[in-house]
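Biologist: Could you take me through this model step by step, giving the cut-offs behind each term as it comes up?

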Amino acid sequence: PAAEAKAMFARDMKLVAGRYPDWQLVYLGGHISTALRTVDKEEWRISETVSFAKQVYQTHAFVIRRSLIEKILPRLERGAAADAAYVSWSKEADAAERCFGFLPRQLLVQPGGAGRWKDSDIFTQG
């Protein structure tokens with residue numbers, strides 16, 4: 001499975017970087033908000049394995065461009081949970097065609113359970 005995931009990642013990142021050289025964020029895990037319409041999510045599909053993404057929660061792995069840090073870090077410093085910081089950015093016009101996820105499911109799947117740590121539990125301090 002690791003070799004398959006690595007090959008999938010390389011193929012899909014090549015597609016994203018080739019078509020969208022100003023990409024900012026690629027989710028490798030997480031779930032798109034159920035508040036978004038299914039028809040909208042279907043329209044975001046770029047290929048069989050890549051889609052635009054917005055309002056992704058329960059994120060535990062992603063690739064972020066250094067240029068996006070300046071927009072995310074202040075949100076974290078104000079006390080936003082990591083999910084909230086990324087979701088709020090993903091709703092902005094600036095995020096259009098710059099935020100992606102892999103299909104049919106995310107590249108990495110984190111085991112569930114009530115006691116597990118979630119990215120939304122992580123805050124910046126100091």
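Modeller: Buried means under 20% relative accessible area, exposed means over 50%, and partly exposed lies in between, with a 1.4 Å probe and protein chains only. This is a predicted model, in which local features need pLDDT of at least 70 and side-chain atom pairs count only at pLDDT 80 or more, while totals for chains, interfaces and linings use all residues. Residues are numbered from 1 along each chain as its sequence is written, and side-chain values use heavy atoms, with hydrogens and water left out.

Biologist: What pattern does the protein follow along the sequence?
Modeller: Helices (H or I, at least four residues) and strands (E, at least two) are taken as DSSP runs and numbered from the N terminus. On that basis the protein has 4 helices and 6 strands. Read along the sequence, their pattern is α-β-β-α-β-β-β-α-α-β.

Biologist: Is H4 largely enclosed or open?
Modeller: The buried residues of helix H4 (82–90) are Ala82, Asp83, Ala85, Tyr86, Val87, Trp89 and Ser90. Their cover includes S1, strand S4 (56–57), S5, H3 and strand S6 (99–102). Because 7 of the 9 residues of H4 are buried, the rest of the structure leaves this helix largely enclosed.

Biologist: Within what arc do the buried residues of H3 fall?
Modeller: In H3, Leu68, Ile72, Arg75 and Leu76 are buried. The arc is taken over the directions from the helix axis to the C-beta atoms. Seen down the axis of H3, these buried residues line one face of the helix, because they fall within an arc of 95°.

Biologist: Which exposed residues does H3 carry on the face turned away from its buried side?
Modeller: On the buried side, H3 packs against strand S1 (25–27), strand S5 (62–64) and helix H4 (82–90), where contact means heavy atoms within 4.5 Å. The face turned away from that side carries the exposed residues Arg66, Glu70 and Glu77.

Biologist: Where in the protein is confidence lowest, and where is it highest?
Modeller: Confidence is given by pLDDT, the predictor's value for each residue, from 0 to 100, and its mean over the protein is 79, with 74% of residues reaching 70 or more. Over residues 120–126 the pLDDT is below 50, although this stretch has 10 contacts in the model beyond near neighbours in sequence. Where pLDDT is low, the predicted coordinates should not be read in detail. In the protein, confidence is lowest in helix H2 (residues 38–43), at a mean of 67, and highest in H3, at 94.
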